[in-house]
Amino acid sequence: MKPAAFDYWRPSSRREACELLHEHGDEARLIAGGQSLMAVLNMRLAQPKHLVDIAGIEDLHYIERRDDHLAVGAGVTQAELLQYPGLAEAVPLLALAMTWIGHWQTRNRGTVCGSIAHADPSAELPLCLATLGGQVVLENRRGKSRRVMAEDFFQGVLTTDRRQDELITEVRFPLARPGAEYRFREVAMRHGDFAIVALAAVIDSNRVTLGVGGVADRPVSRELARHDDPSEALNALAWSLGAEDDAHATAAYRRQLIRELGRELIAGGPSDEENAHARQG
Amino acid sequence: MHARADQRIRVTLTLNSRERSGYAEPRTQLCDFLRHELGATGTHVGCEHGVCGACTVRVDGRASRSCLMLAVQAEGRRLDTVESLAGEEGLSDLQQAFRRHHALQCGFCTAGILMSCEEFLERVADPSEAQVRDMLSGHLCRCTGYTGMVQAVLDVARTRREATVPDSQQENNDV
């Protein structure tokens, strides 16, 4: 289908973009790469009166490695981040998880911040941000910026803490901790489809941080003590997320995936190889 | 910049190395602009929500779905479509490989697949089969299957690699 009619704006500054969002409120939508939003517009699931394209804002296009995090500006595409030299060493979880985002062709236009802003509960980037305890940086029309922790930012299906006149200018992924191991697994109908369950893990010597996507209404991250047998903790986690039946999978199957994949992920082993098959970015 | 919803605005871009312009409403998808306004009907339109990949074109070199992009977003950009591949001397090496390996039947999806393959081959000179399959997973073909396409891409990658071996190295190989 074709989108319903809208006014198109291409502001040249952050301030101007935020002013437009303030002025048009609920009737305005931001577009960056458009790899989620355009599909929604084409199917007329959303019919905004105003589309504000941030492609014309020059100073959003950067990836910066800082003291304790990797900062990714709102203009950066997923393909660009995947090709960032040293990504696997700086934020290993991203290097593992990002090849699961859509396809080569959608990563070429889809932005990192756009996926965070869209807040699909089964998307990989929100899961990574939540698991690593990253931050979202937002700026409003007065030029004031604020930082929000991932766990506070994601508030439900396609729902975030972003206020009406705010623009996400940057997301911050914490750099790899020495000695920690990072792992990622996903089950989808086909590679590139929405995840039925996606799991991300940060494994330290005495604890495991496990992030779960595709089950609750937002990515959920929990800390588990590192026992010999994590079965009980995983079972409790699986039951705590309010899994529901849908067209792709039953709630029982999702819980089973959390238990089984969680166990595999924490144990480590050859399954990581499967994830590495498509690492060309 | 602001364009009213009912306004047709001028969009100028470089299509297959030629500057072209036409008019588009803000809501006009890039694929429709190419086909209906510029007459470049080589690009096909399938699902219109980014799943099938038939409408894939290269935007500033990057393979992208032209149904998930607005014509106004292509202003000033370099676009390459399937029409750019064949030269005066006939089909390109990739197109010939597709024919040789029976990588198409009805051809509807092929226009997009070729554009993805072109970018892929530029970025990955020596791909594994798994990498080719991952790249092709962004496309749906409902008649041929993907085996012929995978063979064609690997074949072209090999041929192009051999063609870029420096002369000195070739001599060494002969010895």
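By class, the second largest pocket is lined by 6 nonpolar, 9 polar and 7 charged residues. For the classes, Ala, Val, Leu, Ile, Met, Phe, Trp, Tyr, Cys and Pro are nonpolar, Asp, Glu, Lys and Arg are charged, and the others, Gly among them, are polar. This is a predicted model, where local features need pLDDT of at least 70 and side-chain atom pairs count only at pLDDT 80 or more, while totals for chains, interfaces and linings use all residues. Residues are numbered from 1 along each chain as its sequence is written, chains are lettered from A and ligands numbered from 1 in the order in which they are written, and side-chain values use heavy atoms, with hydrogens and water left out.

Back to the pocket. Its volume is about 470 Å³. Of its 22 lining residues, A:H61, A:G75, A:T77, A:R109 and B:R77 are the closest to the centre. A pocket here is an open set of points on a 1 Å grid over the protein atoms alone, where a 1.4 Å probe fits, with protein on both sides within 12 Å along at least five of seven lines; lining residues have an atom within 4 Å of a point. Points are joined across faces, edges and corners, and the volume is the space filled by probe spheres set on them.

Now chain B. Its C-alpha trace spans about 70 × 35 × 25 Å along the principal axes. There are 6 helices and 6 strands. From the N terminus, the order is β-β-β-α-β-β-β-α-α-α-α-α. Helices (H or I, at least four residues) and strands (E, at least two) are DSSP runs, numbered from the N terminus.

Next, helix packing. Two packed helices are described by the angle between their axes and the distance between the axes. Axes are lines fitted to C-alpha atoms, for helices over the stretch in contact, and angles run from 0 to 180 degrees between N-to-C directions.

Take α2(B), residues 93–100, and α5(B), residues 147–163. They pack at about 140°, axes 8 Å apart. That is why α2(B) and α5(B) are oblique to each other. The cut-offs: under 35 degrees is roughly parallel, over 145 roughly antiparallel, 65 to 115 roughly perpendicular, and the rest oblique. On the α2(B) side, the contact uses B:D93, B:L94, B:A97, B:F98 and B:R100. On the α5(B) side, B:M149, B:A152, B:V153, B:D155, B:V156 and B:R160 take part. Contact means heavy atoms within 4.5 Å. By class, this one has 7 nonpolar, no polar and 4 charged residues.

Second pair. α2(B) and α3(B), residues 110–123, have axes that come within 10 Å and cross at roughly 125°. These two are therefore oblique as well. α2(B) passes α3(B) in a right-handed crossing. B:L94, B:Q95 and B:F98 of α2(B) meet B:T110, B:I113, B:L114, B:C117, B:E118 and B:L121 of α3(B).

Third pair. The axes of α4(B), residues 129–136, and α5(B) come within 10 Å, crossing at roughly 120°. So α4(B) is oblique to α5(B).

Last, backbone. Most residues other than glycine have a negative phi. B:N16, not a glycine, has a positive phi of about 50°. B:N16 sits in the loop between β2 (9–15) and β3 (18–24) of chain B. B:D60 also has a positive phi of about 50° without being a glycine. B:D60 lies in the loop between β4 (56–59) and β5 (62–65) of chain B.

Notes: A crossing is left-handed if the near helix is turned anticlockwise from the far one by less than a right angle, and right-handed if clockwise.
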